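I opened this model to find my way around it. These are my notes, in the order I looked things up.

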Amino acid sequence: MTTDEAAGRAATVVVGAAVVRDGRLLAQQRAFPAEAAGLWELPGGRVEPGESDAEAVRRECVEELGVDVVVGDRVGADVPLPNGMVLRVYAATLRDAEAEPRAVEHRALRWLPAAELREIDWLPADRVLVPDLLALL
Ligand SMILES: Nc1nc2c([nH]c(=O)n2[C@H]2C[C@H](O)[C@@H](COP(=O)(O)OP(=O)(O)OP(=O)(O)O)O2)c(=O)[nH]1
């Protein structure tokens, strides 16, 4: 048990957005840090104090992709991260279906069909969620 758990404090939440369009999931390739560079993840990041999960998903999608999203249901269970945080994923859709996300901070973006979703090199926590992500396509 970590100190935070012992004290009854909730773990810091990292939200991820499972953005689906036309049967494909949007994934982004990390550029840093060195140990994660080249691996794939969902758009997202830490929930800031006073922010809801859904607000964090929308903010991160604006910051990382330059698009506004509509946040839907939870996807899968919370996945513990090595640093004591948890990854919590939400389904999302582009508010403007014609908008084209851009890789603002990442090396690359891809819209993955199911076959590629199974095969790319995800961060370890995201890999746990692959069956849940496939169910969205
Ligand atoms: N955004 C995101 N982070 C993930 C995923 N899977 C996963 O293990 N992580 C980890 C990587 C980082 O340790 C942490 C969040 O990092 P981040 O760099 O995206 O978050 P942030 O923008 O709030 O971070 P920061 O720049 O404020 O430090 O969660 C994922 O699918 N999306």
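**Ground rules.** I number residues from 1 along each chain as its sequence is written. The model is predicted, so I take local features only at pLDDT of at least 70 and side-chain atom pairs only at pLDDT 80 or more, while totals for chains, interfaces and linings use all residues.

**Record.** I looked up UniProt, where an unreviewed entry lists residues 10-135 as "domain: Nudix hydrolase". Such positions are in the numbering used here, names are shortened, and annotations may be inferred rather than shown by experiment. I noted that this span is 23% helix and 37% strand, with its end C-alpha atoms 28 Å apart. Helices (H or I, at least four residues) and strands (E, at least two) are DSSP runs, numbered from the N terminus.

**Strand β1.** Which strands pair with β1? I count strands as paired if DSSP finds at least two bridges between them. β1 runs parallel to β6 over seven bridges, with Val13 opposite Val86. Three bridges join β1 to β4 in the antiparallel sense, and Gly16 has Gly44 as a partner there.

**Core.** I found seven of the nine residues of β1 buried (20 or more other C-beta atoms within 10 Å of a residue's own, with C-beta placed from the backbone; 12 or fewer is exposed, and in between is partly exposed). The largest nonpolar core has 26 residues; such a core is a set of buried Ala, Val, Leu, Ile, Met, Phe, Trp, Tyr and Cys joined through C-beta atoms within 7 Å. β1 gives the most to this core, six residues.

**Backbone.** Most residues other than glycine have a negative phi, and most peptide bonds are trans. I noted that Asp22, in the loop between β1 and β2, has a positive phi near 50°. Asp22 counts as exposed because it has 8 C-beta neighbours inside 10 Å. I also found a cis peptide bond between Phe32 and Pro33, with omega about -15°; Pro33 is in the loop between β2 and β3.
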